[in-house]
Amino acid sequence: MEKQKNATGRRKEAVTRVFLIKGSGKILINDKDYKQYFSLAYLQNQVELPLKTVESLDKFDVKINATGGGIKGQAEATKLAIARALLEVNAEWRPALKAAGLLRRDPRSVERKKPGRKKARRSFQFSKR
């Protein structure tokens with residue numbers, strides 16, 4: 001493996017850039033430990049999932065730049081980016097990552113607000129009089 005592999009992940013409005021380096025398993029997001037950045041356990045699991053799938057949780061150091069969106073969007077964007085970076089390291093991991101559904105970008109995003117409505121679909125309260 002060369003010095004580092006990088007990849008991009010997106011989800012909703014969140015965009016993350018991931019840099020994968022051979023190392024001891026340290027994961028940093030915006031210069032903070034990922035367990036401090038994502039305080040909820042299920043979001044931490046999202047970040048670890050691609051590394052657990054290919055059984056290399058302690059073989060790579062991961063540095064992540066996350067921008068936009070909320071913490072859930074950032075966690076899921078990170079999951080996609082790590083999976084893409086792992087593919088650059090070893091293409092033989094593709095079937096395992098694909099079977100776990102880690103290589104598909106989630107296309108769902110917020111629906112736009114329509115004119116004459118309160119939100120995307122919600123109307124203003126009807127008043128008969």
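Arg117 has a relative accessible area of 32%, so it is partly exposed. Here buried means under 20% relative accessible area, exposed means over 50%, and partly exposed lies in between (1.4 Å probe, protein chains only). Arg117 sits in the segment after H4. Helices (H or I, at least four residues) and strands (E, at least two) are DSSP runs, numbered from the N terminus. Leaving aside its neighbours within four places in sequence, Arg117 is in contact with Arg122, Ser123 and Phe124. Contact means heavy atoms within 4.5 Å.

This is a predicted model: local features need pLDDT of at least 70, side-chain atom pairs count only at pLDDT 80 or more, and totals for chains, interfaces and linings use all residues. Residues are numbered from 1 along each chain as its sequence is written, and side-chain values use heavy atoms, with hydrogens and water left out.

## The core

In soluble globular proteins, nonpolar side chains tend to be buried together. A nonpolar core is a set of buried Ala, Val, Leu, Ile, Met, Phe, Trp, Tyr and Cys residues joined through side-chain atoms within 4.5 Å. The largest such core here has 25 residues. Val62, Ile82, Leu86 and Leu97 touch the most other members. At least two core residues come from each of strand E2 (14-22), strand E3 (27-29), helix H2 (41-53), strand E5 (60-67) and helix H3 (71-89). H3 gives the largest share, seven residues.

Which residues does Ile82 contact, leaving aside its neighbours within four places in sequence? They are Val18, Val47, Pro50, Leu51, Val62 and Ile64.

## Two helices side by side

Two packed helices are described by the angle between their axes and the distance between the axes. The axes of H2 and H3 come within 8 Å and cross at roughly 10°. Such axes are lines fitted to C-alpha atoms, for helices over the stretch in contact, and angles run from 0 to 180 degrees between N-to-C directions. H2 and H3 are therefore roughly parallel to each other. Angles under 35 degrees count as roughly parallel, over 145 as roughly antiparallel, 65 to 115 as roughly perpendicular and the rest as oblique.

From H2, the contact takes in Tyr42, Leu43, Gln46, Val47, Leu49, Pro50 and Leu51. From H3, it takes in Ile71, Lys72, Ala75, Glu76, Thr78, Lys79, Ile82, Ala83 and Leu86. The residues of this H2 and H3 contact divide into 11 nonpolar, two polar and three charged. Ala, Val, Leu, Ile, Met, Phe, Trp, Tyr, Cys and Pro count as nonpolar, Asp, Glu, Lys and Arg as charged, and the others, Gly among them, as polar.

Is Glu76 buried or exposed? At 15% relative accessibility, Glu76 counts as buried. Its place is in helix H3. Beyond its neighbours within four places in sequence, Glu76 is in contact with Arg11, Gln46 and Asp106.

## Aromatic pairs

A pair of aromatic rings is described by the distance of the centres and the angle of the planes. How many aromatic pairs does a search of the whole structure find? It finds two. Rings of Phe, Tyr and Trp (its six-membered ring) pair if their centres lie within 6.5 Å; planes under 30 degrees apart count as stacked, over 60 as edge-to-face and the rest as tilted.

| Pair | Centres apart | Angle of planes | Type |
|---|---|---|---|
| Tyr37 and Phe38 | 5.0 Å | 85° | edge-to-face |
| Phe60 and Trp93 | 6.4 Å | 90° | edge-to-face |

Phe60 lies in strand E5 and Trp93 in the loop between H3 and helix H4 (94-99), so their pair ties together parts that are 33 residues apart in sequence. Phe60 is buried, with a relative accessible area of 3%. Phe38 is buried at 0% relative accessibility, while Tyr37, at 22%, counts as partly exposed.

## Strand and loop residues

Lys5 is found in strand E1. With a relative accessible area of 13%, Lys5 is buried. Beyond its neighbours within four places in sequence, Lys5 is in contact with Val18, Phe19, Leu20, Ala85, Glu88 and Val89. Leu20 lies in strand E2 and is buried at 0% relative accessibility.

Lys12 lies in the loop between strand E1 (5-11) and E2. Its phi is near 55°, a positive value in a residue other than glycine. Asp31 is found in the loop between E3 and strand E4 (32-33). Phi of Asp31 is near 65°, also positive in a residue other than glycine. At 46% relative accessibility, Lys12 counts as partly exposed; at 66%, Asp31 counts as exposed.
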